Amino acid sequence: MPSSIDSACTAVWSASVAPLIRRQIEASEAAGGELDEVVHCLRMFGRPDYLLWIAVPDLDAYGRFYMARLTDLPGVARTHSQFTMKTIKSTPGFPAPSR
């Protein structure tokens, strides 16, 4: 994560993309990969199409980021945000979620 990002607030954001065609998928992934606030981005089998881990300073910053950047991602059709209530376990050194 870039040192310029304060991660006091983290969210898991899920998105479905439409239409689900190659050029739309490639455009969505290219645009999402450019966002410093996105610390992990996974394309999923099934629904949702994407899961993103987002780190921002607080809920107000998340609201601004959501409206200014996430809603402008190409092809975003449906989204859902979830915020961590409590971390039960976090394994240091374990790689980001992947396959």
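1. A pocket is here an open set of grid points, where a 1.4 Å probe fits, with protein on both sides within 12 Å along at least five of seven lines. The model is a predicted one, and its second largest pocket has a volume of about 150 Å³. Twelve residues line this pocket, and those closest to its centre are Thr10, Ala11, Val39, Trp53 and Ile54.

2. The lining of the second largest pocket draws at least two residues from each of strand 1 (9-17), strand 2 (38-43), strand 3 (50-56) and strand 4 (76-83). By class, eight of the lining residues are nonpolar and four are polar, with no charged residues.

3. Two cis peptide bonds should be noted. Ala18 and Pro19 are joined by one, with omega about -5 degrees; Pro19 lies in the loop between strand 1 and helix 1 (22-33). The bond from Arg47 to Pro48 is also cis, with omega near -5 degrees, and Pro48 is placed in the loop between strand 2 and strand 3.

4. Helix 2 (residues 59-68) has Ala61, Tyr62 and Phe65 as its buried residues. Viewed down the axis of helix 2, these buried residues fall within an arc of 100 degrees, and therefore line one face of the helix. Their cover includes strand 1, strand 2, strand 3 and strand 4. Leu59, Asp60, Arg64 and Met67 are exposed on the other side of helix 2.

Conventions:
Residues are numbered from 1 along each chain as its sequence is written. This is a predicted model: local features need pLDDT of at least 70, side-chain atom pairs count only at pLDDT 80 or more; totals for chains, interfaces and linings use all residues. Side-chain values use heavy atoms; hydrogens and water are left out. On a 1 Å grid over the protein atoms alone, a cavity is a set of points where a 1.4 Å probe fits but cannot get out, and a pocket is an open set with protein on both sides within 12 Å along at least five of seven lines; lining residues have an atom within 4 Å of a point. Grid points are joined across faces, edges and corners, and a volume is the space filled by probe spheres set on the points. Helices (H or I, at least four residues) and strands (E, at least two) are DSSP runs, numbered from the N terminus. Ala, Val, Leu, Ile, Met, Phe, Trp, Tyr, Cys and Pro count as nonpolar, Asp, Glu, Lys and Arg as charged, and the others, Gly among them, as polar. Buried means under 20% relative accessible area, exposed over 50%, partly exposed in between (1.4 Å probe, protein chains only). The arc is that of the directions from the helix axis to the C-beta atoms. Contact means heavy atoms within 4.5 Å.
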